[in-house]
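Dear colleague,

Please find the structure below, handed over for your records.

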Amino acid sequence: TALEYFERSPFFDTNSNNTALRVRGLNPADEAALRTGLMDRLEFALAETHEPHLYVVRKQQRISSAAGRAAISSYYYILGHERYTYQAPTLHAVVNARLRRAMHHVRAGFNRFKDDIGPLPRSLIEHSKQQEAKQQLQREGSLIAAMDLEGGDAAAAAAKPVAVPEVLSTSEQEYWEKTDNIIMHVLRRYPLPRLPKSKAEEDKAKQQQQQAQQQRQQQQQQQQQAQQQQQAQAAAQQQHQRANS
């Protein structure tokens, strides 16, 4: 039987009531025989049977000889034709495993997010360096223009910046395209949450809905009036034709 096979597993306790019953020549699979065992001693009983693939064994502490008066401590199940025996996990172990798995996915998501936005700070730093180089070029151009100026106020010419054409180089265009692609990729994967509307916006939306509904009603009324006029004209024409005939 399933209990006899379970007795060969490492989960079986030889000091249990099952061993004592077998010594006395009784069958431990019989619930009535188990109730005759010693109190406060472990025993193993067959809880469920789904032949030939599943057998569930419960480990319990006998409290009273009455039926059902036993404290269950764990469950074991025997699976398959090979009859492998496993201990069922506790609720704490199941919840702990699910939480660990959830935390693993959360960490993986943050790591992917970090990898996605990793190139962005470098692009921003390079862009700031390019802007500083442009500003330095403007200052140098202003000083050269002030030195070459013949007559007039040199200080005013130096204070006036020289216009530098905003022409991006190939490397700058690549940096900006990469930055735009990174931002758009991040926004596609992690869209921004919609902010709740303020009371003024909700009131405005309600007013717009009411106005649209009124316009639809007016259009329906106008269509009905036009249909009534057409029907009246058609009736008048028919009466006129009958009178002439």
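Two strands are taken to pair if DSSP finds at least two bridges between them; strands themselves are DSSP runs (E, at least two residues), and helices are runs of H or I with at least four, numbered from the N terminus. In strand 3, Tyr76 is the bridge partner of Val57.

This is a predicted model, in which local features need pLDDT of at least 70 and side-chain atom pairs count only at pLDDT 80 or more, while totals for chains, interfaces and linings use all residues. Residues are numbered from 1 along each chain as its sequence is written, and side-chain values use heavy atoms, with hydrogens and water left out.

The average pLDDT (the predictor's confidence in each residue, from 0 to 100) is 77 for the protein, and 83% of the residues score at least 70. Among the elements, strand 2 has the highest mean value (87) and helix 6 (residues 154–159) the lowest (48).

Four strands form an open sheet in the order 1-2-3-4, with antiparallel pairing. Its edge strands, strand 1 (42–50) and strand 4 (84–87), each pair on one side only. Strand 2 (residues 54–62) and strand 3 are joined by nine bridges in the antiparallel sense.

Ser74 lies in strand 3 (residues 70–79). Beyond residues up to four places away in sequence, Ser74 touches (heavy atoms within 4.5 Å) Val57, Arg58, Lys59 and Gln87.

Yours sincerely
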